[in-house]
Amino acid sequence: MSKDNSILEELTSKEYEHGWSVNYEADEAPIGLNEGIIRWISAKKEEPEWLLEWRLKAFRTWLTMKEPEWANVHYPKIDLQALRYYSAPKQVKKTKNLDEVDPELIAIYERLGISLNEQKRLQGIAVDAVLDSVSVATTFRDTLGKLGIVFCSFSEAVKEHPDLIKKYLGSVVPMTDNYYAALNSAVFSDGSFCYIPKGVRCPMELSTYFRINAANTGQFERTLIVADDESYVSYLEGCTAPQRDENQLHAAVVEIYAGAHAEVKYSTVQNWFPGDKEGKGGIFNFVTKRGICAGDHSKISWTQVETGSAVTWKYPSCILKGDYSIGEFYSVAVTNNYQQADTGTKMIHIGKNTKSRIVSKGISAGKSQNSYRGQVQVMKRADNARNFSQCDSLLMGDRCGAHTFPYIDINNSSAKVEHEATTSKIGEDQIFYCNQRGIATEDAVALIVNGYAKEVLNQLPMEFAVEAQKLLALTLEGSVG
Amino acid sequence: MLSIKNLHASIDGTPILRGINLEVKAGEVHAIMGPNGSGKSTLASVLAGREEYEVTDGEVTFKGKNLLDLAPEDRAREGVFLAFQYPVEIPGVSSTNFLRTAVNQVREYRGQEPLDAVKFLTLMKEKMKLVEIDQKLLSRSLNEGFSGGEKKRNEIFQMAMLEPSLSILDETDSGLDIDALRIVSNGVNQLKSDQNATIVVTHYQRLLDYIVPDYVHVLYKGRIVKSGTKELALELEEKGYDWIKEEVDSAATV
């Protein structure tokens with residue numbers, strides 16, 4: 001009420017921490033989008049003919065497609081002809097040796113708290129560092145290579161593992177799946193690739209850290225994870241971008257393939273620049289993420305902590321094709337100021353005895369809009385499919401919105417589908433109770449929000465969970481009294 | 001320690017407290033009694049700094065400072081503790097985590113080093129005995145699914161951990177069975193010293209059998225209309241509040 005508002009106005013929110021940028025001499029494509037640009041990118045990457053054809057096919061289909069308008073988000077139309085589709089630091093060498101990576105590039109990542117120095121590692125995390133349109137370094141390739149694990153940039157994978165790329169690229173997210181996936185398929189510049197061979201349990205977390213640096217440039221990268229039968233991998237993704245007045249587009253595609261008895265955990269902490277307090281600038285994060293549990297008893301688990309971006313459009317999904325396969329989606333989406341998020345998941349039950357679990361925790365503050373959109377689909381042959389969905393919304397202040405759009409499509413009468421939803425407000429009572437024990441209001445909010453999101457945060461790898469907790473508190477700083 | 005002078009407070013424009021005067025010294029236990037709606041809980045809330053209440057007149061000094069100028073968290077850090085009549089649930093936050101945040105923020109305010117995990121747990125173990133509280137309860141979400149008795153015990157446990165100089169117990173006896181009442185009162189009694197003071201807000205005399213007050217005040221229509229020793233509480237138990245109401249109301253009409 002009035003009290004909420006006065007406190008909201010009293011406090012100013014903290015500046016975005018990763019809003020800086022550096023100047024590097026760039027190797028850039030001309031501005032604009034046409035077949036020539038796609039040929040330019042493909043040539044720049046010395047790609048085989050088949051991949052160029054694949055891109056062009058995606059592009060030609062994309063030309064006939066329309067931007068999706070069903071999401072509960074509103075933003076000015078993006079002029080795709082005014083964007084640059086490739087920008088890479090000139091210092092990036094075609095080297096696999098970490099020692100030869102330009103120190104300036106390493107310094108960018110150090111400043112973001114990401115060490116590309118293998119000796120310095122504290123935790124077992126291998127990193128593929130993607131800066132604007134290219135991967136600048138990938139750590140621990142040799143260590144992983146000894147186990148037969150391939151972990152490298154997408155460009156290298158195209159050259160060194162063409163058979164794997166040919167087999168799996170576009171196999172989970174078809175090139176013409178949707179408007180943004182098609183655009184990505186046409187112009188994608190780099191990304192990460194990982195392959196875990198049969199029976200191998202990946203001994204460290206693999207991760208990609210996406211950084212946008214250049215202005216007026218879109219980032220379009222692809223991640224492809226292939227977990228062969230009986231393998232296991234946990235994958236992490238982090239993202240940040242400089243603070244700029246204009247919006248920037250990030251349209252990525254992530255594909256996951258899990259063979260029989262394989263398990264893939266994919267965790268994201270998304271912290272793209274969200275725009276300033278007046279809603280100026282920020283990243284448009286239009287991402288297609290999908291995994292297929294192709295074999296029996298396979299499992300794919302998505303965990304996401306979404307705190308950044310001006311507009312988010314993202315539905316990490318699972319196709320449960322194998323019998324007894326399991327799909328999970330754990331999400332915390334926080335919006336503050338003028339941010340808009342339309343995010344959720346799709347669980348498509350095809351195999352018998354498949355199970356899915358959805359836990360979504362939305363937190364809206366400021367004048368933001370936060371929507372959960374989820375679909376549970378049970379196909380005819382999917383006997384004994386089970387789904388449990390829980391969608392909670394937490395509102396802070398009275399000028400934000402929380403929306404839930406659950407779609408359920410059941411074609412098999414043995415299915416059991418449960419959906420629970422709650423909406424609550426951070427209580428003045430809770431905050432006063434904390435205050436009365438000596439806890440300052442900002443810390444009280446952080447405590448309450450972290451408690452609310454705990455079920456999801458618990459799914460994150462340890463070191464990521466701590467980061468995520470801090471990020472939640474930071475994003476909401478100044479949002480309630 | 002605490003000095004309340006001519007305190008007036010209202011909520012949504014309705015006056016509730018109409019001129020409270022009260023002096024509390026270190027080492028004393030004061031009981032505030034009165035019929036429903038007399039303003040007992042309002043007094044407790046105003047002292048703790050709940051913002052729905054507007055102080056319209058009067059002053060409150062606590063250890064020489066103007067209490068009404070302080071934010072609720074600073075009042076707590078200065079040593080004011082309110083045991084809530086209805087303790088609040090915070091899902092997903094364990095009592096342990098909650099208390100560690102609280103204790104360390106209070107310590108920081110007082111210029112003390114924060115307690116590390118080991119020291120904190122040692123302190124917790126020691127204080128847990130006071131209210132016979134189970135460790136399992138403390139690793140659960142704060143107050144969520146706690147029974148009435150468990151909630152009140154947890155309040156006194158928090159009080160033990162924060163070592164306040166002024167404790168205000170707001171209807172701590174409500175919802176307690178006789179065993180829980182004994183345990184909670186024992187805890188409060190063990191925490192009593194000549195350095196701290198306690199204000200017990202209650203409707204019934206029952207609690208005062210366990211926590212023996214030095215002074216008893218009767219609140220009616222937002223004023224303290226009668227003060228005395230613990231015998232006054234016994235008299236109220238026997239005769240109810242009506243005779244006081246009549247006394248006050250007839251005095252008003254004359």
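Helices (H or I, at least four residues) and strands (E, at least two) are DSSP runs, numbered from the N terminus. The model is predicted: local features need pLDDT of at least 70, side-chain atom pairs count only at pLDDT 80 or more, and totals for chains, interfaces and linings use all residues. Residues are numbered from 1 along each chain as its sequence is written, and chains are lettered from A and ligands numbered from 1 in the order in which they are written.

**View 1. Helix H4 of chain B, residues 117-130.** The 14 residues of H4(B) reach 21 Å from the first C-alpha to the last, close to the 20 Å expected at 1.5 Å a residue (1.5 Å times one less than the number of residues). After H4(B) comes B:Glu132, whose phi is positive, near 50°.

**View 2. The buried and exposed residues of H4(B).** Down the helix axis, the buried residues of H4(B) fall within an arc of 90° (taken from the directions from the axis to the C-beta atoms), so they line one face of the helix. On the other side, B:Val118, B:Thr122, B:Lys125, B:Glu126 and B:Lys129 are exposed.

**View 3. The side of chain B that touches chain A.** In chain B, 22 residues are in contact with 17 residues of chain A (C-beta atoms, placed from the backbone, within 7 Å). The largest share of this side of chain B, six residues, comes from H3(B).

Terms used. A residue is buried if 20 or more other C-beta atoms lie within 10 Å of its own, exposed if 12 or fewer, and partly exposed in between; C-beta atoms are placed from the backbone. Two residues are in contact if their C-beta atoms, placed from the backbone, lie within 7 Å.
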